[in-house]
Amino acid sequence: MALSNTALDVSEIAWFIRMKYGVDVSRYRPTCFRRRVAHRMAMIGCGTVEEYLGYLTADGEEMEKLMDVITIHVTGFYRDRDVFQALEERYVPPMLSGSTIPRTGTIRAWSAGCSTGEEAYSIAIMLERAARASAPGTQIEVFGTDVSEDACRAARSGVYSDERIEGMPSRIRSEYFVRERDGWHARQSLRGLVKFRPHDLFSPAPFSRLDMIFCRNVLIHFEHYVRDAVMKGFHEALVPGGLLVLGKSEVLAGEAERLFDLMDPRCKIYGKRPSDGPSREDRR
Ligand SMILES: C[S@@+](CC[C@H](N)C(=O)[O-])C[C@H]1O[C@@H](n2cnc3c(N)ncnc32)[C@H](O)[C@@H]1O
């Protein structure tokens with residue numbers, strides 16, 4: 001008889017993943033983790049956790065599949081196009097002119113949980129276009145990180161199929177990508193703006209002096225206390241006036257609410273609040 005998800009004791013699987021991948025899945029929401037293990041067990045017809053664990057140890061491919069469903073890599077170029085539009089039109093120009101962040105001649109952005117790179121490349125394109133229009137000569141640095149090394153490798157290759165690139169305006173596509181036999185290749189001019197590397201958000205932020213952090217559709221899978229810790233790290237890594245962009249269905253809650261001002265509720269764009277400083281409402 002199949003076990004219900006809530007009755008599944010997945011602690012041994014969590015331990016195995018930690019040993020093998022160094023990923024501490026106890027920090028993901030337990031219901032999500034159990035549901036995903038149950039889904040993989042059902043896919044291969046395993047009736048017990050012990051049997052599934054046997055599978056995992058013997059079959060590297062199943063391990064990859066489980067990690068894929070736990071971390072979910074769904075993404076896309078210009079995902080939530082209105083967010084990119086709002087940034088390009090309303091939030092990036094004042095950054096470039098130095099009215100909301102210190103002017104250094106460089107704009108640094110981090111796509112945290114970048115999956116296969118579409119988000120990081122979209123950010124680089126958006127910043128490059130905005131800089132060209134209002135602050136030519138500005139250096140652009142975009143960092144893309146993900147816990148999955150495979151995702152980072154794919155991102156670094158910068159090659160995307162027709163379906164993956166679908167929806168990108170053709171003018172932008174031909175400016176930043178070139179069609180080759182195996183798909184659309186990001187041009188060197190774009191690749192030079194973006195650096196990818198593996199990073200687990202459960203460990204400290206690897207960058208500082210950032211002007212923007214995008215962490216979209218990643219934190220929803222994390223336990224609350226982990227989200228708070230990640231947000232504190234983001235707050236420290238941002239320059240005064242820096243922006244944090246979350247996924248459309250995500251909100252800051254608890255401790256983290258005190259660190260950022262919600263500037264655009266529809267697009268989930270937050271501004272860094274100075275440490276111990278008043279909120280925007282208080283400052284009015
Ligand atoms: C749904 S994708 C989001 C991609 C992109 N941010 C977007 O919104 O299109 C979630 C990504 O978060 C990554 N992820 C999950 N847990 C993570 C962790 N602990 N540290 C870093 N990245 C993680 C996954 O590997 C996956 O690629």
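Residues are numbered from 1 along each chain as its sequence is written. In this predicted model, local features require pLDDT of at least 70 and side-chain atom pairs pLDDT 80 or more, whereas totals for chains, interfaces and linings use all residues.

Helix 2 (residues 30–44) packs with helix 4 (residues 60–71) at an angle of about 140 degrees, and their axes lie 9 Å apart. Helices here are DSSP runs of H or I with at least four residues, and strands are runs of E with at least two, numbered from the N terminus. Axes are lines fitted to C-alpha atoms, for helices over the stretch in contact, and angles between N-to-C directions run from 0 to 180 degrees. The two helices, helix 2 and helix 4, are therefore oblique to each other (under 35 degrees is roughly parallel, over 145 roughly antiparallel, 65 to 115 roughly perpendicular, and the rest oblique).

On the side of helix 2, the contact involves Phe33, Arg36, His39, Arg40 and Ile44, which meet Glu62, Lys65, Leu66, Val69 and Ile70 of helix 4 (contact: C-beta atoms, placed from the backbone, within 7 Å).

Gly183 belongs to strand 5 (residues 183–186). Gly183 counts as partly exposed because it has 16 C-beta neighbours inside 10 Å (buried: 20 or more other C-beta atoms within 10 Å; exposed: 12 or fewer; partly exposed: in between; C-beta atoms placed from the backbone). Leaving aside residues up to four places away in sequence, Gly183 touches Val159, Tyr160 and Ser161. The C-alpha atoms of Gly183 and Thr104 are separated by 37 Å.

Key
Contact = placed C-beta atoms within 7 Å.
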